[in-house]
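This report covers selected strand and helix contacts. The sequence and structure come first.

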Amino acid sequence: MLRLLLYITVLMLTAVLLARLIEVPGYVDMVWFGWYIETTPLFLTLSLLGLFALVIGAFWALDRLVSLPSRYRNKRRVEYHERGLSALTEAIAALSVSDIANAKKLTKRSEKLLGKTPITHLLTAQLARLEGDEETATENLKRLLDFKETHFLAARGLLEQARKSGDVETAVTYAQEAGSIRPDSSFAALSLLDVYTHQKRWQQAIEVINRAQRHRALTAVEASRYKALIEYQHAVYLYDRDDFSTAQRYAAAAHKTLPDMVPAAVLLAEIFSTLGKKRNASAVLTRTWKVSPHPEVAAQYKKLLTDLLPEKRVTAMEKFVSVSPEDMESHLAVAEVAFDAGQYGKAREETRKALNILESPRACELMAKLEEAADNKEKATKWHTRASKTLIEAAWACESCKKHQPQWTLHCPDCDAFDSIHWRIDRHRKAADTQASTAVDALPLLKTH
Ligand SMILES: [Zn+2]
């Protein structure tokens with residue numbers, strides 16, 4: 001609107017000026033390059049205006065001509081960019097449906113069109129990893145370290161790679177780098193914790209937990225749990241080196257924080273027994289039995305009863321398990337001691353109670369032993385068969401790889417996951433074991449933590 005008003009004003013002014021020039025009487029005489037020119041002021045003005053327009057036009061035409069190659073280049077660049085982005089989108093789509101060959105071809109095409117960008121490096125790294133080409137994956141991840149947007153992602157990818165190849169020192173470097181970029185990242189904190197615990201660097205592991213808690217990478221509950229796990233590991237380390245009194249201090253700290261942690265209670269009781277403090281050992285095991293009745297705790301308590309007469313052991317065990325009277329393990333613990341003492345009637349009664357709660361292989365086997373002791377071979381065989389057929393099993397199992405383990409460890413012996421082993425009563429183990437993950441994780445490097 002403003003522009004229209006301006007045009008109208010300019011036109012009107014021009015018209016007024018021309019009208020004035022027509023009205024102006026007289027001639028203009030001039031000598032130009034030896035030429036004598038006589039003309040009217042109107043013609044002279046129009047000629048000058050025409051000349052001015054001609055010069056402007058010539059400049060414009062020249063500019064268009066000169067800028068032609070760069071305009072052509074710009075147009076090509078925009079086209080390349082658009083085609084590159086399209087190839088990139090198609091590459092990600094191909095990767096998400098596991099069409100690796102196509103994803104690779106499209107990534108190469110997008111790299112040609114867009115040049116080497118963080119996203120093409122990321123895709124190349126991801127594809128290389130899927131194909132097991134660790135060298136190319138590492139090379140591309142290292143390039144991602146140079147980009148601010150992908151620095152953390154690259155450090156994390158390189159850390160995972162170092163851990164996989166068992167290169168602990170490189171893993172520490174990248175875990176520290178990831179932690180310095182994102183101190184609030186639980187992944188970075190847990191990774192550092194993981195490598196430090198592997199290296200038995202307990203003090204540094206505790207410092208990592210404290211820092212992670214300050215930056216809210218770990219909750220207070222997680223932090224105190226992990227500290228207790230490290231205290232326990234430290235206690236095991238000291239116990240193996242016969243430093244019982246320091247081991248006792250660390251094991252007691254772990255047991256105080258996590259009274260339900262079976263290995264900590266068993267170790268602390270073992271240390272107390274070694275130091276001749278049987279009452280303390282009994283108190284520790286009772287505290288744990290109350291919250292976590294577990295066969296290893298019962299077995300440790302049984303060790304405290306070796307000096308007693310067999311029938312006294314049964315009474316002592318009955319008293320011990322009375323803090324968790326309804327638990328299957330309480331019945332089994334008494335049944336086993338009663339069997340050893342030759343009290344078959346009590347053993348049978350307690351095993352029946354355990355079987356009524358859960359038909360576990362251990363209870364079936366105990367029943368088989370009782371039938372064998374009573375010389376009922378046929379019934380014993382039946383119980384053995386029942387034991388082998390039951391799908392129920394209580395065992396230490398890894399939450400990450402689902403495999404059963406003979407004992408608790410801080411890292412899973414199979415998949416190396418940290419704090420993944422838990423006691424589990426598995427009712428469908430055979431079915432669970434056949435479940436295999438077939439889904440392809442399109443961009444596992446992009447996991448969020
Ligand atoms: Zn595992």
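## Strands and helices

In the hairpin of E3 and E4, Lys402 takes a positive phi near 70°, and five residues lie between the strands. The model is predicted: local features need pLDDT of at least 70, side-chain atom pairs count only at pLDDT 80 or more, and totals for chains, interfaces and linings use all residues. Residues are numbered from 1 along each chain as its sequence is written. Helices (H or I, at least four residues) and strands (E, at least two) are DSSP runs numbered from the N terminus. Strands pair if DSSP finds at least two bridges between them.

| E3 (residues 393-398) and E5 (residues 421-426) | antiparallel | six bridges | Glu393 with Asp426 |

In helix H6 (residues 134-144), the buried residues (20 or more other C-beta atoms within 10 Å of their own, C-beta atoms being placed from the backbone) are Ala137, Asn140, Leu141 and Leu144. Seen down the H6 axis, these fall within an arc of 100° (taken from the directions from the helix axis to the C-beta atoms), so they line one face of the helix. Their cover includes helix H5 (118-130) and helix H7 (151-164).

The axes of H13 (residues 262-274) and H14 (residues 278-291), lines fitted to C-alpha atoms over the stretch in contact, come within 7 Å and cross at roughly 170°. That makes H13 roughly antiparallel to H14 (angles over 145 degrees, on a scale from 0 to 180 between N-to-C directions). Residues in contact have C-beta atoms within 7 Å; among those of H13 are Leu268 and Phe272, and among those of H14 are Val284 and Leu285.

Definitions and conventions
A residue is buried if 20 or more other C-beta atoms lie within 10 Å of its own, exposed if 12 or fewer, and partly exposed in between; C-beta atoms are placed from the backbone. Two residues are in contact if their C-beta atoms, placed from the backbone, lie within 7 Å. Angles under 35 degrees count as roughly parallel, over 145 as roughly antiparallel, 65 to 115 as roughly perpendicular and the rest as oblique.
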